[in-house]
Structure formats: structure tokens, C-alpha cells
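Colleague: I am new to this structure and would like to go through its cross-links and charged pairs. Please show it before we start.

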Amino acid sequence: QVHLVESGGGSVQAGGSLTLSCGVSTDTFNSYCMGWFRQFPGKEREGVAASGRRSYKTSYADFVKGRFTVSRDSAKNTLVLQMNSLESEDTAMYYCAAVWCPWSDVPNLLSREGYNYWGQGTQVTVSS
């Protein structure tokens, strides 16, 4: 069983930045594909940014390209989402997700169906 714990959410004004972190309880961090998702009230969870099991493969939703950056800190077993130029439309609950993928990345890193481990979420609120 893998446990994911998100941190770093909070409130910020439009144009500001936040850094989300996701700590993963595993000794095989680099064998997991990982992603960040967000959910608006009454809506389904949507992919934001994701990293294949190796750091050089990343995927981003169109609405965050150029603003958000996903990275992995293998020394700390942590997935990081740097969010810049935040907009009020980015206000949502953000979730970290993981799936075991030791031999190849999942076909669509931004699809929630591909993940089976989820964190509890961290709230991001952007005021205009």
C-alpha cells in the first residue's frame, strides 16, 4: 500500500504562485507514474500535470501549459507542482495520484482512470 500526502495548498491572489508537494511512502519512487489532478465542486477530477516514472517525460493540460511545472525529487520521494501566474479559475481541490509502472509509463498520464493511489487533497484558492 502506498500513501500519498499533499501539502502546500492555500490562498493566494491572482498572479501569485504556490508550490504543492506530494510525499510518497515507498522505496521504489522511480517505479511510479505520478500526476496532479484537480476537482471543482460537482465536477469530475481532471488531469493537471503528470510525470512518467522517469523525470524527463511530463504531460500538461493545455490550461496550465507555461504556468505550471511538475517535477520529481527522488531523494525525498516527492512530486512537486510549481504553480505560477495563478488565476481565479485555478481554485479547486488538488490531488496527487500514483500508479505502479516499473516497465513503461501509462498510456495517458493525465487520465484519472490510470491511477489507483490517491492523496486526500489540498485546497488551492485564488482570489481575483
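Modeller: A disulfide here is a pair of cysteine sulfur atoms within 2.5 Å. By that definition the structure holds two disulfides. The model is a predicted one, where local features need pLDDT of at least 70, side-chain atom pairs count only at pLDDT 80 or more, and totals for chains, interfaces and linings use all residues. Residues are numbered from 1 along each chain as its sequence is written, and side-chain values use heavy atoms, with hydrogens and water left out.

Colleague: What makes Cys22 and Cys96 a disulfide?

Modeller: Their sulfur atoms are 2.1 Å apart, and the cut-off is within 2.5 Å, so the pair qualifies. The torsion about the S-S bond is about -80°, so this disulfide is left-handed. Cys22 sits in strand β3 (residues 18–24) and Cys96 in strand β9, 74 residues apart. Strands (E, at least two residues) and helices (H or I, at least four) are DSSP runs, numbered from the N terminus.

Colleague: Which hand does the link of Cys33 and Cys101 have?

Modeller: That link is right-handed, with 110° about the S-S bond. In sequence order, the bonded cysteines of the chain pair as 1-3, 2-4.

Colleague: Why is the contact of Arg112 with Glu44 called a salt bridge?

Modeller: The term needs a side-chain nitrogen of Lys or Arg within 4 Å of a carboxyl oxygen of Asp or Glu. The closest N and O atoms of Arg112 and Glu44 are 2.6 Å apart, so the pair meets the definition. A search of the whole structure finds eight salt bridges.

Colleague: Is Glu44 buried or exposed, and how do you know?

Modeller: Buried means under 20% relative accessible area, exposed over 50%, and partly exposed in between (1.4 Å probe, protein chains only). Glu44 has 57%, so it is exposed. Arg112 has 27%, so it is partly exposed.

Colleague: What can be said of Arg53 and Asp105?

Modeller: They form a salt bridge, the closest N and O atoms being 3.4 Å apart. Arg53 lies in the loop between β5 and β6 (58–60) and Asp105 in the loop between β9 and β10, so the pair ties together parts that are 52 residues apart in sequence. Arg53 is at 15% relative accessibility, so it counts as buried. Asp105, at 18%, also counts as buried.

Colleague: Which residues are linked in a network of salt bridges?

Modeller: Arg38, Glu46, Arg67 and Asp90 are.
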